[in-house]
Amino acid sequence: MYVWPCAVVLAQYLWFHRRSLPGKAVLEIGAGVSLPGILAAKCGAEVILSDSSELPHCLEVCRQSCLMNDLPQVHIVGLTWGHVSRDLLALPPQDIILASDVFFEPEDFEDILTTVYFLMQKNPKVQLWSTYQVRSADWSVEALLYKWDMKCVHIPLESFDANKEDIAESALPGRHTVEMLVISFAKDSL
């Protein structure tokens, strides 16, 4: 399985914060091969992996990752961004939401933030830890964050020992700049 550079950077961020993970409720959205979620589970977090309920093969990849890493306790649910489903409603409050390169297609940005907003309503202190590959200067979530009363902090990769040279050597086409964000409710909404 190929692991995208964004997943590696998010896993590095988790590893840097591994001592704060035991007992935390962690949800990975758009999990794919689930490297960040698997690492969080290995560090003692109570993890739920999710990917699109419309793409059963993605959910199977999550299951295979759990099997290969001997993590039968990790739950896997199908969530489609922007849709209120029985599985979304049943999720317990989360402490951390992980999202590796989900801000890929601009037409999905609002659906992703709608889902995150719903989860933030259950626990207003939850944070979205997200990495994404910069693909276009025109693609930004900033206006949508304002609309959904969220704020964003850009985390410098060097602050948690992420190696930019490793990312630059990836096989991805185009720019390889990876950004790390921590998104939460704006202070005035709490």
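Colleague: What joins strand β5 (residues 127-133) to strand β7 (residues 178-185)?

Modeller: Six bridges do, and the two strands run antiparallel. Two strands pair if DSSP finds at least two bridges between them, so six bridges make β5 and β7 a pair. In β7, Ile-183 is the bridge partner of Leu-128. Strands (E, at least two residues) and helices (H or I, at least four) are DSSP runs, numbered from the N terminus.

Colleague: What kind of model is this, and how are residues numbered?

Modeller: It is a predicted model, where local features need pLDDT of at least 70 and side-chain atom pairs count only at pLDDT 80 or more, while totals for chains, interfaces and linings use all residues. Residues are numbered from 1 along each chain as its sequence is written, and side-chain values use heavy atoms, leaving out hydrogens and water.

Colleague: Why is the aromatic pair of Tyr-117 and Phe-185 called edge-to-face?

Modeller: Rings of Phe, Tyr and Trp (its six-membered ring) pair if their centres lie within 6.5 Å; planes under 30 degrees apart count as stacked, over 60 as edge-to-face and the rest as tilted. Here the centres are 5.5 Å apart and the planes stand at 85°, so the pair is edge-to-face. Tyr-117 lies in helix α5 and Phe-185 in strand β7, so the pair ties together parts 68 residues apart in sequence.

Colleague: Why is Phe-185 called buried, and why does Tyr-117 count as partly exposed?

Modeller: Buried means under 20% relative accessible area, exposed over 50%, partly exposed in between (1.4 Å probe, protein chains only). Phe-185 has 7%, so it is buried. Tyr-117 has 26%, so it falls in between.
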